[in-house]
Amino acid sequence: MSLAHTAAEYMLSDALLPDRRGPRLKGLRLELPLDRIVKFVSVGSPLLLMSLAFAQEFSSGSPISCFSPSNFSIRQAAYVDSSCWDSLVHHEQDGPRQDKMKSLWPHKALPYSLLALALLMYLPVLLWQYAAVPALSSDLLFIISELDKSYNRSIRLVQHMLKIRQKSSDPYVFWDELEKARKERYFEFPLLERYLACKQRSHSLVATYLLRNSLLLLFTSATYLYLGHFHLDVFFQEEFSCSIKTGLLSDETHVPNLITCRLTSLSIFRIVSLSSVAIYTILVPVIIYNLTRLCRWDKRLLSVYEMLPAFDLLSRKMLGCPINDLNVILLFLRANISELISFSWLSVLCVLKDTTTQKHNIDTVVDFMTLLAGLEPSKPKHLTNPACDEHP
């Protein structure tokens, strides 16, 4: 019998989680995986396209090529290219004596608009970093620590029950004390559950998360408006008529009023515009999916921790409207599941509990571990009513 007790003690000591101390903030993921993808794509793609625009400008020289008169010198032709690129105004005859002008400034502002777009898309990330991350990190550290500690308390409680059972000479006294402890709810550890219930009534994290994704949708809509209104207007115009009668050439009679210029960077302009539309069109469903995740609970994580004593958020139906801080915390607990060592242990116990033949007697990890340690999770039938044995 002593060998069995020793094996049970070893089994329970192996089930205890190691006490992890020291800085753990570096290992926490304070951004959800999809949010991180949205951040990298929404901020990185404009910077990548901006580098493409600058690389084309540096490699091919002038972004326009003007057809100067044949009697112009090389310096005059260079001046014409520079003057037309500075103005980027298309002159079109709208009547006998009317000159209609159309600005082509989006070609010149392309790299800088991409930089402004990247900075704009980074603003929601900064909002999350400064408004939500400090509170979220402290919440996650406390909850992860308490979940692991609650699991360890349950294992230590079973160890203590095993020692009492070994020292008790009268089994009736032990089971009476055990049932009394269950009725008085001594096995509960309500601090964590009350803290999570408090987070269910808080809305600061969820408001910041909603604001972050709403800003992303707003900035994406503004990008569509900018591309549709300004880029689409000059998207198909490869050539334009430029007036060069300015500056040194204003008094020259042999200089024509308008010359034709061709935009050599139009292909890059089209690639950048189409790529921006495609990238942000793909991101919009991802952002909307991030928002819809707040409308449902991640009950799998909570159902696993129902094995802990007093952790009955599901069974007591404390989960109401999911748009609150508790749901956001559950999403981040799922993202940091590697830091939650007790989750894997409890997941295994849940699977084993479903396969046991005494399902009605096993409610918590304490019940299951007492069964593994060689104790019944409830009073044995032959000890339930000893008077019946004396008077058959």
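**Exercise 1.** In which helix is the place of Thr220? Determine also whether Thr220 is buried or exposed.

*Solution.* The model is a predicted one, in which local features need pLDDT of at least 70, side-chain atom pairs count only at pLDDT 80 or more, and totals for chains, interfaces and linings use all residues. Residues are numbered from 1 along each chain as its sequence is written, and side-chain values use heavy atoms, with hydrogens and water left out.

Step 1. Thr220 lies in helix H9, residues 204-234. Helices (H or I, at least four residues) and strands (E, at least two) are DSSP runs, numbered from the N terminus.

Step 2. Thr220 counts as buried because its relative accessibility is 3%. The classes are buried under 20% relative accessible area, exposed over 50%, and partly exposed in between (1.4 Å probe, protein chains only).

Step 3. Leaving aside residues up to four places away in sequence, Thr220 touches Met121, Tyr280 and Val284; contact means heavy atoms within 4.5 Å.

**Exercise 2.** Describe the aromatic pair of Phe54 and Tyr112.

*Solution.* Step 1. Rings of Phe, Tyr and Trp (its six-membered ring) pair if their centres lie within 6.5 Å; planes under 30 degrees apart are stacked, over 60 edge-to-face, and the rest tilted. The count by this rule is 8 aromatic pairs.

Step 2. Phe54 and Tyr112 are edge-to-face, at 6.2 Å centre to centre with 85 degrees between the planes.

Step 3. The pair links distant parts of the chain, with Phe54 in helix H2 (residues 33-60) and Tyr112 in helix H5, 58 residues apart.

Step 4. Phe54 has 22% relative accessibility and so counts as partly exposed, whereas Tyr112, at 54%, counts as exposed.

**Exercise 3.** Which residues do ring pairs link into a cluster, and which ring does the charged end of Arg270 sit over?

*Solution.* Step 1. The cluster consists of Trp105, Tyr226 and Phe230.

Step 2. A charge sits over a ring if NZ of Lys or CZ of Arg is within 6 Å of the ring centre and within 35 degrees of the ring normal. The charged end of Arg270 is over the ring of Phe235, 5.6 Å from its centre. Likewise, the charged end of Lys39 is over the ring of Phe40, at 5.0 Å from the centre.

**Exercise 4.** Summarise the chain as a whole.

*Solution.* Step 1. The secondary structure comprises 15 helices and 5 strands.

Step 2. The chain has 392 residues, of which 43% count as buried.

Step 3. Among contacts with a separation of 6 or more, 78% are between residues 24 or more positions apart.
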